[in-house]
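Welcome! Please take a moment to look over the sequence and the 3D structure below, and then read on for a short tour.

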Amino acid sequence: MTGLQLTITQTGMSALLNAERTGTNAVRIAAVGFTAKAFEPKASLTALPGEMKRLVTFGGTVAGDNLIHVSIRDEGTSSYAVRGIGLYLQDGRLFAVYAQDEPIVEKSAQAGLVLDVDAAFVGVNVNQVQFGSTQFLNPPATTETLGVVELATVAEALAGVDGQRAITPAAMLAAMNKALASVRRYVPGQIVPIAGGALPDGVLLCNGAAVSRTQYASLFQVIGTTYGAGDGKTTFNLPSIKEGTVITHTNDPNKVGQFTSGQTISHAHAAALTAAGEHAHTTTVLGAGAHGHGASVTAAGDHQHGAWTDQQGWHGHTGSTTVNGEHAHSLGRFIPRYGTGGDAGFHEANDGRVWTNATGAHSHSLYIDGNGAHAHNVGMNSAGSHSHTVSVATQGNHTHAITQAAAGGHSHAITINNTGGTDNLPAGLRMMYCIAY
């Protein structure tokens with residue numbers, strides 16, 4: 001490895017060699033000088049030509065057999081170009097120099113300077129060259145101090161207990177993945193609407209299904225058997241959100257899990273009657289109990305009633321007597337006399353009675369001659385001015401049948417338009433409701 005070839009000054013060499021000149025002493029570099037002037041590095045130099053800044057914020061470590069890695073830092077606001085470098089010992093003597101024509105580095109007022117160079121020391125045991133505090137430029141970083149930190153391994157990042165090491169992006173990703181894996185995306189019992197067709201991890205569809213009490217213990221601890229006890233032992237039911245319905249709010253925890261049927265805003269329905277054909281209506285009058293009806297007619301004044309019989313045409317009347325059984329007819333008592341007037345003298349034998357012979361049971365035919373076509377006049381006497389009392393007999397408890405005139409057979413149908421289903425559903429965008437476990 002090559003680096004900037006530094007020239008050790010005579011004062012620097014004398015400090016490096018021991019008194020016996022049999023070996024070297026350890027020397028400590030305490031400061032670094034900058035110059036903007038190009039010069040020829042010579043061992044005879046005792047000061048850095050054109051030095052315009054001396055810094056103590058630097059450090060160095062052995063980087064090879066004859067190399068020292070030097071880091072220099074300037075956070076000032078001055079601006080300059082560096083063409084030469086000088087290393088100073090603790091006692092202020094110039095130990096080594098380096099220069100070139102082109103600027104080694106340039107600094108602006110708005111920027112800080114950090115210069116890292118590898119310095120080569122020919123013929124010198126670089127292990128004998130020490131730099132002041134190794135924390136001069138790169139102290140351990142804190143929340144207030146810029147500095148150097150050690151990078152944490154993935155295992156150290158996952159452990160999350162180290163407060164000194166810095167984490168790399170790869171270790172950060174591993175730690176975040178581990179942390180997020182143990183963090184719940186949702187709270188058990190939380191209702192999550194899903195706009196897609198697939199369910200994410202950690203949720204179950206609100207379809208009323210029975211699920212394991214042990215597998216979903218956190219959810220069971222939250223909702224218990226509010227939505228159903230499952231088999232009563234090992235399962236419990238998820239909420240069942242009916243198709244097309246929505247979740248409604250309640251301020252009463254005791255009403256959680258109860259389904260409401262909802263209600264509609266007050267409104268009217270238009271209806272029409274259709275003709276049903278001619279028909280009759282039957283009316284029944286209920287019985288009024290046993291009763292009588294009083295009635296009267298008004299007087300009509302002195303009057304006569306005329307009457308007549310219908311003409312019967314030419315006809316005859318037939319008839320018969322009733323059968324009277326076998327009998328004889330008594331002719332009564334009499335005294336038979338002769339034509340001369342003398343008593344015949346034989347009536348004493350029968351007490352003077354005379355009988356006809358019996359003829360047996362018989363009837364007698366009766367014939368009435370026809371009188372030709374005729375009418376029978378009926379005459380009625382005047383009764384004078386009078387009224388007639390009419391009595392209606394009590395008929396007991398009864399009903400009266402009433403017959404109504406037929407209006408043509410028909411019925412009346414009322415049609416009301418159907419505007420919905422069995423549930424009162426609002427309009428909305430369909431999504432899937434899920435519950436987190």
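## Before we start

A residue counts as buried when its relative accessible area is under 20%, as exposed when this is over 50%, and as partly exposed in between. Lys53, with a relative accessible area of 21%, is therefore partly exposed. Please keep in mind that this is a predicted model.

## An open sheet

Let us begin with a sheet. Four strands form an open sheet in the order β1-β11-β6-β5, and their pairing is mixed. At its edges are β1 (4–5) and β5 (58–62), each of which pairs on one side only.

Two bridge pairs to find here are His69 with Asp118 of β11, and Leu67 with Ala120 of β11. β6 also pairs with β5, again in the antiparallel sense, over five bridges; there, Phe58 has Ile72 of β6 as its bridge partner. A hairpin of four residues links β5 to β6. How many of the eight residues of β6 are buried? Seven are, so strand β6 is mostly covered.

## Salt bridges

The whole structure holds eight salt bridges. In one of them, the side chains of Asp74 and Lys53 meet, at 3.9 Å from N to O. Asp74 belongs to strand β6 and Lys53 to strand β4 (residues 51–55), so this pair ties together parts that are 21 residues apart in sequence. Is Asp74 buried or exposed? Asp74 counts as buried, because its relative accessibility is 5%, whereas Lys53 is partly exposed.

Another salt bridge joins Glu51 and Arg54, whose closest N and O atoms are 2.8 Å apart. Glu51 counts as partly exposed at 29% relative accessibility, and Arg54 is partly exposed too, with a relative accessible area of 44%.

Asp162 and Arg165 form a further salt bridge, their closest N and O atoms being 2.1 Å apart. Asp162 is partly exposed with a relative accessible area of 29%, and Arg165 is partly exposed with 32%. Salt bridges with shared partners connect Glu150, Glu156, Asp162 and Arg165 into one network.

Ile167, Met172, Met176 and Leu180 make a nonpolar patch of about 360 Å². Where is Met176 found? Its place is in helix α3, residues 169–181. Met176 counts as partly exposed because its relative accessibility is 43%.

Terms used
Residues numbered from 1 in each chain as written. Predicted model: local features only at pLDDT ≥ 70, side-chain atom pairs only at ≥ 80, totals over all residues. Heavy atoms only, no water. Pairing = 2+ DSSP bridges. Patch = residues over 30% accessible without salt bridge, like charges linked within 9 Å, V, L, I, M, F, W, Y side chains within 5 Å. Areas by Shrake-Rupley, 256 points an atom, 1.4 Å probe, with all protein chains shown as cover. Salt bridge = Lys/Arg side-chain N within 4 Å of Asp/Glu carboxyl O. Buried < 20%, exposed > 50% of the residue type's maximum accessible area, 1.4 Å probe, protein only.
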